[in-house]
Amino acid sequence: MKFFKRSSTPREPKLTHSVRDYRKLVQHHLRENPDDRTFALARSIGAESMEGFRRQGDGHVAVLKHHGLVDGMSVYDLGAGCGRTAQALQRSGWKGSYIGADVVPELLEEIERQCPGYATVIELDQAIAAPSRSLDLVCAWSVFTHLTPPETYLFIRDVFRTLKPGGKLLFTFLEMEEPEHNRVWEAVQRHVQAAVPPEQLDTFLHRDWIRRYARDAGFEDPLFTDGMDRSNHPELWQALAVLKKPERKDG
């Protein structure tokens, strides 16, 4: 099932750096793996193997369930890719409303093929393609890692609009305080020193910045989980932020 977003203007939004980079990356992996389209699409979102692809998806579902996911909820998967989380939700037997948003048509076509009945939408700007107060959970796995801080804030602000009172935004991010993220930081420095653009922008966020974004958007104070923490669910490697919309009926 496709979910078509109507543009408020007659022109398609100008493609941002993240859209251009990601579409180029997906085409690269499709060319590199002409005989296995499914694996090529999985590689384009960082999976080293299909086993790892499925394992990460199952981990995402475990995180969502730990933070309140139950049957009947409405889930918006921002940066859904080719369905790592969507397919895991289907495997888990979860029943609810799912919308997967991404900037690459080929990725969303894979969700439609693997998960009939799940809705998809091309998302080209910093706005969520859902009505106000219509969603229970919004997740963004390694999405804000490839956006600028102002772009991230605009997404967070619009997520607030779309969440029901008590709804949550869950997203992962890179942070300087996590030793495991040093290799990404070192790679960023090498690209800058060599004046060679990376495949995608890699952005680090500070927890204090996220607290500010959350406060300005109207969320409660965020909850954080270290990337290597296995206390309540499998480790995510990236750090996790959970932002909850207050239970009040306004806003």
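The exercises below work through helix packing and aromatic contacts in this predicted model.

Residues are numbered from 1 along each chain as its sequence is written. Local features need pLDDT of at least 70, side-chain atom pairs count only at pLDDT 80 or more, totals for chains, interfaces and linings use all residues, and side-chain values use heavy atoms, with hydrogens and water left out.

**Exercise 1.** Describe how helix 1 packs with helix 5.

Step 1. Helix 1 covers residues 17–32 and helix 5 covers residues 105–114, where helices (H or I, at least four residues) are DSSP runs numbered from the N terminus. Their axes lie 9 Å apart at an angle of about 65 degrees; axes are lines fitted to C-alpha atoms over the stretch in contact, and angles run from 0 to 180 degrees between N-to-C directions.

Step 2. Helix 1 is therefore roughly perpendicular to helix 5, a term for angles of 65 to 115 degrees, while those under 35 count as roughly parallel, those over 145 as roughly antiparallel and the rest as oblique.

Step 3. On the helix 1 side, Tyr 22, Arg 23, Val 26, Gln 27 and Leu 30 meet Pro 105, Glu 106 and Leu 107 of helix 5, contact meaning heavy atoms within 4.5 Å.

**Exercise 2.** Describe how helix 2 packs with helix 5.

Step 1. Helix 2, residues 37–44, packs with helix 5 at an angle of about 125 degrees, and the axes are 11 Å apart.

Step 2. The two helices are therefore oblique to each other.

Step 3. Arg 37, Thr 38, Leu 41 and Ser 44 of helix 2 make the contact with residues of helix 5 including Glu 106, Leu 107 and Arg 113.

**Exercise 3.** Find the angle between helix 3 and helix 4 and classify it.

Step 1. Helix 3 (residues 50–66) and helix 4 (residues 84–92) have axes 8 Å apart, at about 70 degrees.

Step 2. Helix 3 and helix 4 are therefore roughly perpendicular to each other.

**Exercise 4.** Which residues do ring pairs link into a cluster?

Step 1. The whole structure holds eight aromatic pairs, a pair being rings of Phe, Tyr and Trp (its six-membered ring) with centres within 6.5 Å.

Step 2. The cluster linked by ring pairs consists of Phe 144, Phe 155, Phe 171, Phe 173 and Phe 224.

Note on methods. Phe/Tyr/Trp six-rings, centres within 6.5 Å; stacked < 30°, edge-to-face > 60°.
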